[in-house]
Amino acid sequence: MSESSNLSAVPSANPSAPASGDAAAGKSNAATETSTASSAPAPASAAAGIPDDLRAASFERQRRLRQEPRFPGGPAIDPAGSHHERRIRSFQPRRSRVTPGQEDALLRLWPKWGLDIDGQRVLDLPALFNGLPAVLEIGFGMGEATAHMAADDPGTGILAVDVHTPGQGNLLGLADRNGLSNIRVANGDAIILLREMLKPDSLDGLRVYFPDPWPKKRHHKRRLIQPEFLDLVAQRLKPGAVIHCATDWEPYAEQMLEVLTAHPLFENTQADGYAPRPAFRPLTRFERQGLDKGHVVHDLLFARR
């Protein structure tokens with residue numbers, strides 16, 4: 001399993017059309033009742049003695065609470081809102097508990113180092129990172145590896161994207177405690193970031209470490225590394241910039257190698273397929289656990305032609 005929530009999505013061929021899964025869900029939600037009024041059971045609200053108007057008002061209050069930000073001034077719940085199309089997504093947001101330290105980091109540091117992926121503006125990466133070259137990291141989990149790489153390479157800016165709120169807070173806290181000014185944390189869908197908010201030839205690299213492998217065959221369409229995704233990435237990477245992927249799921253590694261090798265705008269930096277783990281990619285706790293279980297970790301480094 002991946003240690004990150006992998007916050008990107010595979011673009012559809014027709015951006016304005018909903019994904020087939022979404023369409024199917026819509027049909028299911030649109031199912032109509034067939035029972036007659038005379039045979040239908042009494043409404044739960046009536047049975048409980050709660051007037052329908054009070055019950056509806058309660059539901060509306062709960063709905064508004066779910067939509068309100070948990071951390072005012074911090075990451076939004078759905079930053080892109082309804083501005084962009086629905087499609088099959090390759091990530092599953094995780095709703096785990098935010099610790100007091102993570103909450104403090106979100107409240108203090110989000111206005112300084114955080115940004116929501118709303119699809120409504122184009123980022124100026126040189127301005128964002130004070131002139132440093134910038135790499136994009138998709139899915140950083142709790143952020144320990146990201147902070148390690150930022151500390152080892154202060155001359156490179158890391159735009160780290162995830163949808164996991166505790167991880168966002170944790171990475172901001174690590175950056176603050178270690179004086180790492182070359183990290184920016186982005187909240188939302190990385191596809192919208194790539195397509196709507198980044199300029200062509202603006203990235204000096206892309207890192208995708210341990211994305212969700214979606215092991216079931218019917219879910220393979222949700223995997224991030226697909227030809228359509230590489231088409232988009234190729235437009236945003238500078239010539240010579242490297243896309244670096246790592247996974248401990250053998251079938252996914254094989255798919256990554258296949259689609260990257262087949263893409264005309266990427267060239268393998270290795271003559272024989274997979275690359276040894278580069279020294280700059282830290283060996284994380286999650287990776288050590290996988291190695292202890294006998295997992296084989298594969299790194300792939302492909303350069304933009």
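The model is predicted, and the protein chain averages a pLDDT of 83. Its secondary structure consists of 11 helices and eight strands. Of the 305 residues in the protein chain, 48% are buried. Among contacts between residues at least 6 apart in sequence, 84% join residues at least 24 apart.

**Confidence**

- A pLDDT of at least 70 is reached by 74% of the residues.
- Residues 1-5 have a pLDDT below 50, and this stretch has 25 contacts in the model beyond near neighbours in sequence.
- Residues 8-47 also form a stretch where pLDDT stays under 50. For residues 8-47, the model has 47 contacts beyond four places in sequence.
- Where pLDDT is low, the predicted coordinates should not be read in detail.

- Strand β2 covers residues 134-138, and β2 pairs with β3 in the parallel sense over five bridges. I138 stands opposite V161 of β3.
- Strand β4 (residues 183-187) also pairs with β3 in the parallel sense, again over five bridges. Here R184 in β4 is the bridge partner of L159.
- A right-handed β-α-β unit is made by β2, helix α6 (residues 144-152) and β3.
- A right-handed β-α-β unit is likewise made by β3, helix α7 (residues 165-177) and β4.
- Strand β3 is mostly covered, with six of its six residues buried.
- In a regular strand the side chains alternate between the two faces of the sheet.
- In β3, G157, L159 and V161 point one way, whereas I158, A160 and D162 point the other way; all are buried.

- Strands β6 and β8 run antiparallel and are joined by six bridges. Within this pairing, F302 in β8 is the bridge partner of I243.
- Strand β7 (residues 266-268) pairs with β8 in the antiparallel sense over three bridges. E267 stands opposite A303 in β8.
- All seven residues of β8 are buried, so this strand is largely enclosed by the rest of the structure.

**Nonpolar cores**

- The largest nonpolar core has 41 residues. The residues with the most contacts inside this core are L136, L159, L193, L206, F229 and I243.
- At least two residues of this core come from each of β2, β3 (157-162), α8 (190-197), β5 (203-209), α9 (227-236), β6 (237-247), α10 (250-262) and β8.
- Helix α8 gives the most to this core, with six residues.
- Another core, of 26 residues, lies apart from it; among its members are L109, I158, F286 and V297.

- L136 is found in strand β2. Because its relative accessibility is 0%, under the 20% cut-off, L136 counts as buried.
- Leaving aside neighbours within four places in sequence, L136 is in contact with L159, V161, L193, L194, L203, G205, L206 and R207.
- The C-alpha atoms of L136 and D204 are 8.1 Å apart in space, although these residues are 68 apart in sequence.
- L159, with neighbours within four places likewise left aside, is in contact with L115, L123, L125, F129, V135, L136, E137, R184, A186 and L193.

**Two aspartates**

- D299 is found in strand β8 (residues 298-304). D299 counts as buried because its relative accessibility is 2%.
- The side chains of D299 and H244 are joined by a polar contact of 2.7 Å.
- Not counting residues up to four places away in sequence, D299 touches H244, C245, A246, Y274, A275, P276, R277, P278 and R281.
- D78 is found in the loop between α3 (52-67) and α4 (100-113). D78 counts as exposed because its relative accessibility is 52%, over the 50% cut-off.
- D78 and G188 are 110 residues apart in sequence, and their C-alpha atoms are 7.2 Å apart in space.

Technical notes. Residues numbered from 1 in each chain as written. Predicted model: local features only at pLDDT ≥ 70, side-chain atom pairs only at ≥ 80, totals over all residues. Heavy atoms only, no water. Helix = DSSP H or I, 4+ residues; strand = E, 2+ residues; numbered from the N terminus. Buried < 20%, exposed > 50% of the residue type's maximum accessible area, 1.4 Å probe, protein only. Polar contact = N/O pair within 3.5 Å; in protein donor to acceptor, adjacent residues only side chain to side chain. Contact = heavy atoms within 4.5 Å. pLDDT = per-residue confidence, 0-100. Core = buried A, V, L, I, M, F, W, Y, C linked by side-chain atoms within 4.5 Å. Pairing = 2+ DSSP bridges. Right-handed = clockwise from strand over helix to strand, strands pointing away.
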